Each structure stands twice: as structure tokens, then as C-alpha cells.
Amino acid sequence: MYGFNVQAILSVLFLIKERLIPMQAGLAASQPLWNSMRRLFRLDRRSEFSFHVKAAKSLAIAMLVVISSFSNSFSNSGYCVEPAQPGLQKLFHLVGVPGLRRDQRVNLAFDAEGLSFQASKVQYQVPYARIHQVLLLNSDRRYEGRTYAAALATYGVGALLILKKHHVDTVVLDYVNERGGKMGIVLQMETSQGEVFKNLMESRNVSVEEPEAASDISKQPTTTNTSDRSKQ
Amino acid sequence: MKSKFLSIAVFASAFALAASATAQQNSSTTSGNKYQYVQVNRFAVEPGLDFPPDYQLTIDEDLNKVLWKIKGIKVLREGEPLPQSEPVLVVTGTITKFKKGNQAARYLVGFGAGATVIGAHIKCFDAATKEVVLERDVDGKVIMGMMGGKSEGANNGLAKEVAKDIKEKLR
């Protein structure tokens with residue numbers, strides 16, 4: 001998946017670069033597809049096509065947005081979970097890990113002693129013995145950055161992408177610190193990663209509860225934003 | 001040339017005075033407190049109100065984070081042992097109102113549509129005497145923001161308001 005993504009992005013960047021430094025005419029003549037691409041993006045200065053540079057750039061950005069959207073749906077299928085090591089990559093940190101911002105990406109490793117949260121400059125561990133309760137909830141999130149890029153690329157029409165919800169799993173980790181104080185961590189991950197998380201936690205004798213059974217923290221049924229997984 | 005030097009000197013002295021006044025104010029905030037320790041208890045939810053457990057925990061974490069930034073206050077978690085010799089302010093709260101809101105409506109419609117609202121009733125009391133020091137209704141709202149603003153921002157807004165009230169009370 002990542003290979004496809006990188007290849008696509010590199011090819012788009014290559015197209016933009018080639019717009020600035022036109023290739024030799026002989027090379028292009030030997031490649032009919034490349035020739036048509038050059039015409040489309042007006043790489044050939046003699047071309048009679050009237051596409052503007054801005055339009056080409058917009059198309060390139062739109063392609064990036066579409067490709068990244070596809071990559072997200074691929075990752076929902078579970079391809080992004082690396083089977084080699086017990087851990088989950090690129091989770092969304094919402095709150096709880098010291099030194100991490102909201103929505104910052106974090107990797108989670110299942111060590112022998114506890115859960116290990118790893119980001120670029122932060123490493124934080126929660127021992128399994130101190131975990132009191134783990135909830136796994138269904139929720140959704142919107143990708144503002146992607147929507148913003150789409151809106152820019154399509155002169156505002158792409159802003160409608162904000163209507164698209166991305167279903168994710170929310171993990172609410174309730175634990176105590178070394179002095180017995182109540183602490184908590186909230187993470188969001190792809191739905192496929194949620195299942196992996198649950199299996200890995202249960203393999204370490206830490207039970208993961210569904211929202212209906214989660215009475216200690218919430219004492220309430222969940223809302224429309226965070227619905228019961230068992231109903232789906 | 002002389003007037004330039006004079007104006008620079010005036011500006012520098014004014015800046016130095018302002019900086020020292022700010023520092024003095026900060027130190028008075030820290031030294032004038034009766035309560036050096038604040039214990040934050042996890043907020044309860046009013047019966048019958050649908051409130052997501054992740055939001056409940058987020059309010060607790062955000063409130064701890066914001067209170068840590070106030071100089072002269074040491075924040076204790078619920079369940080941590082209280083210092084015997086020092087007075088401790090215990091912060092409790094109940095979530096009384098929750099409107100989920102809609103980020104798309106906030107962004108595409110605006111004018112207050114799709115706003116996320118979290119309301120809470122907070123009570124701060126002395127841990128030893130149980131005397132109520134502060135009792136107030138607070139709320140956190142997300143009405144607008146980047147691409148409509150994240151709904152979770154309401155938690156942070158509520159935490160900031162609680163922290164502001166506590167800071168004013170302790171001043």
C-alpha cells in the first residue's frame with residue numbers, strides 16, 4: 001500500500017517538476033502516453049491546448065487527495081498493521097500521554113511489562129498491572145487537513161468532503177499512577193487495529209470491555225457519537 | 001541623535017518596569033495562595049444524560065493539564081494520598097448538559113449551527129473542613145474553528161473555564 005502511495009506521489013511530483021524543466025522533444029516523441037500527458041499539462045510549449053498551470057497544479061493536488069483517500073480505505077482492510085512485531089502503528093493520540101499533542105500520531109508497542117507509547121521524542125509506559133479498565137468504542141472522526149487540501153484544489157467544492165465520516169475505534173484506557181492516582185489515555189485507531197488491540201490486550205490478561213459493560217467510568221449508555229459495537 | 005537615545009531609554013525603562021510588575025504579580029499569585037495543593041476528582045455524569053466515556057476522561061486529563069500550568073499549584077489526582085500538613089482544595093463536578101453538535105454543520109452552515117456544548121456544575125471544597133470554597137456552573141463550547149473545529153475542543157474549553165475560576169478564587 002505504501003509502495004503504491006509513494007509511487008503515485010512521486011509520479012505527480014515528477015510531472016510538476018517536468019512542467020518547469022521540459023524534456024527533450026525526441027524522448028517525448030517515443031512515448032505516446034507521455035506525449036499526451038505533456039499536452040494535458042501543457043508541458044509542450046507549442047501545444048495548442050489551453051490548460052493553465054494553475055489547473056494542472058489543482059489536478060495534481062486533487063490526485064493526491066484521491067490517492068490518500070484510497071490509501072485510508074485500504075488501511076481499513078488491515079493492511080497497515082505490521083504482523084512482524086506486536087504493536088500498532090500511527091494511532092491518533094487524543095489525550096493522556098504526557099508530552100504529546102492532541103491528534104498527534106503515536107505508535108503502541110505491547111512490551112512484556114506494559115503498553116509502551118512511542119512518538120518522535122516521547123516514550124511512555126503503562127504497566128499492565130496498573131490498568132483498571134479498557135473500553136473499546138466505535139466512533140468517527142473527520143480529516144480536516146484532507147478537506148482543506150481538497151477545498152483548495154477544487155476552488156471550494158472539495159469542502160464538502162467534511163461531510164464524510166471516517167469510522168474509527170476509540171480506546172479509553174483507565175489506569176492508576178505509582179501513587180494510586182486515577183489517570184487515563186484516549187486513543188483512536190482504524191477499526192481493524194481495534195480488533196488487533198483487543199486481541200493483544202486479552203493475550204496479556206487485560207480484558208477489553210464493550211460499551212454496554214462499561215459501567216465504572218461512564219455509568220451511562222453511550223451516545224450517538226460513540227455507539228455500541230455489538231449492535232453492528 | 002540625542003532624542004533617539006532618550007526615546008530608546010524611555011522604552012527600555014518602561015519595558016523593564018512592566019516585566020518586573022508581571023513577575024511580582026506572578027509571585028504574589030504563588031505566595032498568596034492558601035491552597036498549594038489541588039486535587040481533581042473525575043467528573044460525574046448527571047443521571048439520564050448520555051455522555052461519552054472518552055469525553056469524561058478527556059475533561060479530567062485536560063483539567064489536570066491546564067491546572068499544572070498555574071504557578072504555585074501542585075495538582076493531585078483522585079486517589080492520591082493528600083499531604084497531612086497542607087490545606088488541599090478538592091475539585092469535583094457533575095456534567096449537567098451535553099449537546100453533541102456537528103462539525104460539518106459548523107463549517108458549512110455556521111451561525112451557531114452544529115455547536116458542541118458541555119455544561120457542568122463544579123464544586124470546590126476544603127479537603128479537611130469540607131467548607132465549600134467555590135460553586136459554579138461552567139460550560140465549554142465549540143461554535144467555530146478550523147474546518148468547523150473539533151467537538152473534543154469543548155472539553156478543553158470547559159477545563160480552561162474551571163481552571164480560570166479556580167485561579168481567580170485562589171488569587
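Predicted model: local features only at pLDDT ≥ 70, side-chain atom pairs only at ≥ 80, totals over all residues.
Residues are numbered from 1 along each chain as its sequence is written, chains are lettered from A in the order in which they are written, and side-chain values use heavy atoms, without hydrogens and water.

The contact (heavy atoms within 4.5 Å) involves 39 residues from chain A and 36 residues from chain B. About 3,100 Å² is buried between the two chains, 58% of it from carbon and sulfur atoms; buried area is the accessible area (1.4 Å probe) lost by two parts on being put together, summed over both.

Between chain A and chain B there are four salt bridges, each defined as a side-chain nitrogen of Lys or Arg within 4 Å of a carboxyl oxygen of Asp or Glu. Over all chains, the structure holds 10 salt bridges. One salt bridge pairs Arg42(B) with Asp174(A) at 2.8 Å, N to O. Because Arg42(B) lies in the loop between strand S1 (37–40) and strand S2 (44–45) of chain B and Asp174(A) in strand S6 of chain A, this pair joins two chains. Strands are DSSP runs (E, at least two residues) and helices likewise (H or I, at least four), numbered from the N terminus. Another salt bridge links the side chains of Glu80(B) and Arg179(A) at 3.2 Å, N to O.

On the side of chain A that touches chain B, two or more residues each come from strand S5 (131–141), H5, S6 and strand S7 (182–190). S7(A) gives the largest share, five residues.
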